[in-house]
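Here are a few notes to read alongside the model.

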Amino acid sequence: MKKLGILFTILMLMAPSMVSAKTEATTLAELRQELKNLQNQKSSNEKQKQLTKAEKNAKNVAIANAYKEIETSESKIEEAKNSIKASEQKISEYEAKTKEMLEFYQMMMGDNSYLEFITDSSSMTEMIMRIDAVEEIVNYNQDTLKKLEVLIDENEQKQVELKKYEQELNNNITSYQKKIQELDSSLMEMEDIAMDINEEIKIVQTNIKTYENMGCGENEKFDVCAKYSYNSTWLKPVTKGRINSLFGYRNVSGQSSNHSGIDIGVSEGTPVYSATNGTVVYIIRKSSCGGNQIYIQSDVNGTTYTMQYAHLLKIEVSLGQTVKNTDVIAYSGGGSTATRNGGYDRCTTGAHLHYGVSKSKWTTWKNYTANLINPPGFPGKGGWFYERTQWFR
Ligand SMILES: [Zn+2]
């Protein structure tokens, strides 16, 4: 039980936070700076990665040792408790015997039966035997009482020691748990960085080209030079579906995480529409987490939004293409593309469309995730909808 508790604590701490600094590149010059930062970060990550390979192994060993130490401490406490229990058992046995003896002794002394017992003897031999028996009883009694006294003293001492010992071991356990947490989270960081940063760099590089093509000057605000299709309404991306998973905190098979959009359960191959009139600003193909993905940027009543459609089976648009909210941009996947079905996408368990909405311009990944919102207008978890009703006026 204790181990489950530790694991749960670790998982809670590992839940990635979606709230990050809202550094937003608003011009090409700023976007180029972002690219430089990412590239520097990448090379320092790579150096760190090489340096820390040995460190990583050492940390894994340290984690294993910490778990062992916790187990040892726990079994030591158990041992000490058992030894006290055994002493207590002996004490109660002696106590029972002594009580029996004392009762017998008192009975004899009380009504003179002690003397009667001796004088009632029919022969000298029997009398001597009876005297011996009485002496034996008295001696035994004294002996037992002494032993009992020693045992009780010892046990009290043991209990005082156990309390100290238990406190010490529990402190040990706590510090080892802390250590495991620290080691684990630093290992996690090392695992994730490299893959993410390559995609992040690609996004910024693509966006620099896009804004250049749109004729943006180096220090011209994107708000001025980059305009997107205007929308007064916003439709659902599929004609019907069931809400499998909500936006925000969730717990999937024991792993807690922040969910960056909503999951709409639809059968594989379902047409996916663009929720808005907009421009295709990014396409990811066969990502190991998210599969085929489309990012579309649009203006809704004067606010810029970037929308993500993920786990797609087939993409029907190309980068830079302008789309209408009646256009089929893709067909849904998520079933056959899942790794467990022999596909490439480890972040899907069954057929569904992942739909994410960020209230931001498409500049950097950091900016996209920092401005994610709960896609509005959908039913709650498990709820169905049967039309692409507009929710936004
Ligand atoms: Zn999802």
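1. The zinc donors follow the sequence spacing H-x3-D-x90-H. They are His259 through NE2, Asp263 through OD and His354 through ND1, at 2.0 to 2.2 Å. Donors here are N, O and S atoms within 2.8 Å of the metal (3.2 Å for Na, K and Ca), and water is not among the atoms, so sites may look incomplete.

2. His259 sits in strand E4 (residues 255-259) and His354 in strand E12 (residues 353-358), so the pair links distant parts of the chain, 95 residues apart. Strands (E, at least two residues) and helices (H or I, at least four) are DSSP runs numbered from the N terminus. Both His259 and His354 are buried (under 20% relative accessible area, 1.4 Å probe, protein chains only).

3. A note on reading this: the model is predicted, local features need pLDDT of at least 70, side-chain atom pairs need 80 or more, and totals for chains, interfaces and linings use all residues. Residues are numbered from 1 along each chain as its sequence is written, and side-chain values use heavy atoms, without hydrogens or water.

4. The largest nonpolar core has 27 residues, of which Ile264, Ile294, Tyr309, Ile329 and Tyr355 touch the most other members. Such a core is a set of buried Ala, Val, Leu, Ile, Met, Phe, Trp, Tyr and Cys residues joined through side-chain atoms within 4.5 Å. Strand E9 gives the most to this core, with five residues.

5. Apart from this core lies another, of 23 residues, including Leu31 and Tyr228.

6. Overall, the chain has six helices and 14 strands, and 38% of its 393 residues count as buried.

Terms used: Buried means under 20% relative accessible area, exposed over 50%, partly exposed in between (1.4 Å probe, protein chains only).
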